[in-house]
Amino acid sequence: MKNKFKEYHKFTKEELIKLSKESLYVFDTNILLNMYRYSRSTVEDFFTVFSKLKNENRIWIPYQVGIEFYENRINVIAEQKKSYQEILKSITKFKNDISAKYKNHPFLNFEEIFSELNSKAIAEIENKIYEAEKLQPNWLDRDEILERINLIFENSTGEELTEERLKEIKAEGKLRYENKIPPGFKDNNKSDHNKFGDLIIWFEIIEKAKNVKKNIIFVSGDTKDDWWLEKDGSKIMPLPALKKEIYKKAGVDFHIYTPDAFLEFSTIKLEKKDSSITEARKFQEFDELIGTDQQHNYNLQSVSLNLSSPFLSDKFKNMIIEIENNIISVVEELIPYDPIDDSINYTKKINNIDIIKFQLKILKNENFNDIFTIKLFDTILSNLLNILTEMLSNGKLYLDDIHNLYNSISIIEKHRKFILTIT
């Protein structure tokens, strides 16, 4: 029975290792563009594996991937270069906005606060950004990444499809998308120029598999559900429909590796394998949080990650509203007041909550498009978490109160985990 329904079965770890040693590796556009995003040590680890696969004649990209790479390469480089000054502008704007809005605050001396910030935290952050900018390669002048990619994929790139074949794919794609046949139907709302990119890549992969008679491992950062079978947020395996189609048409097995899994399953000795896997996974998680249109949204980078997406700004503002409505009120209700034994502690906690409320009010007017603002929000969440944790030690709480505190702590920890993922 398993042989008749093999597309519904995950590969075991042993099968994956065997598959990794024998298959043809096909790379998606986002993998090539990521070479401009990763640290140099991670890039070296990727090219080490690329070179080995090249020597074994087991590396290939569809022609469509080459087109998408060249169409997006300049934008990726430009955004990387521009991001440093954008972050510095955001820091300056943050300082100026607070000074202008709250310069006459009756209880806070912002001149004194910013004097301390400028001499310590902000100055240190700005210096790090300046130093990082100096190390940024000028890829528009001399692009060693492009040179290495061209060398690796020389004679390992698909041929350009005829206009007639492209018309056939697009006509078939319209019917497939209407019936949610993978891959590519999640791109149905794109322009006609970009709508069928994934489907073209898929048909090129199938034709290549027919010719080489090798199993296929597709390496891609695209984790949309028109590629992956997903359950409760976890990627289980490539969609059975994809595995069945390629086996039926080309007689080969099919699997997908995300960038981190590609390095993880490599048996090659790498310079900094663990840190490279961690970095690739971090970028992968970020791309999944931001959205799935990876090839045309690389303006979402800032130094390492672009934070200019409206998605992020809206998400953070919704977090603040949730904290104001559901957590601050819980804290204020549960802070005990004992005029004899606890008056000093009570006043301290109330003051801390007032400060947090004030800070959240300020941040709600920000766009959250730089690391500095996001880190500041994380600090506020950390302070609020400390208050909640301390309150749990109060022996006078009712069971419902304890439940509310634990629920509030869970919400904050979830938000901090999100922040950790993108920073």
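Student: Which residues does Trp-202 touch, not counting residues up to four places away in sequence?

Tutor: Contact means heavy atoms within 4.5 Å, and by that rule Trp-202 touches Arg-176, Pro-183, Trp-227, Leu-242, Glu-245, Ile-246 and Phe-254. Bear in mind that this is a predicted model, in which local features need pLDDT of at least 70 and side-chain atom pairs count only at pLDDT 80 or more, while totals for chains, interfaces and linings use all residues. Residues are numbered from 1 along each chain as its sequence is written, and side-chain values use heavy atoms, with hydrogens and water left out.

Student: Which residues touch the most other members of the largest nonpolar core?

Tutor: A nonpolar core is a set of buried Ala, Val, Leu, Ile, Met, Phe, Trp, Tyr and Cys residues joined through side-chain atoms within 4.5 Å, where buried means under 20% relative accessible area, exposed over 50%, and partly exposed in between (1.4 Å probe, protein chains only). Here the largest core has 67 residues, and Phe-27, Phe-50, Trp-202, Ile-216, Ile-246, Phe-254 and Phe-262 touch the most other members. Helix α10 (residues 197-212) gives the largest share of this core, eight residues. Apart from it lies another core, of 30 residues, including Ile-374 and Met-391.

Student: How should I read the strands, and in what order do they lie in the open sheet?

Tutor: Helices (H or I, at least four residues) and strands (E, at least two) are DSSP runs, numbered from the N terminus, and two strands pair if DSSP finds at least two bridges between them. The open sheet of four strands has the order β2-β1-β3-β6, with parallel pairing; its edge strands, β2 and β6 (254-257), each pair on one side only. Strand β1 is joined to β3 (residues 216-219) over four bridges and to β2 (residues 59-60) by two. Val-26 has Phe-218 as its bridge partner in β3 and Trp-60 in β2.

Student: Which residues of β1 lie on each of its faces?

Tutor: In a regular strand the side chains alternate between the two faces of the sheet. In β1 (residues 24-27), Leu-24 and Val-26 lie on one side, Tyr-25 and Phe-27 on the other, and all are buried, leaving both faces covered.
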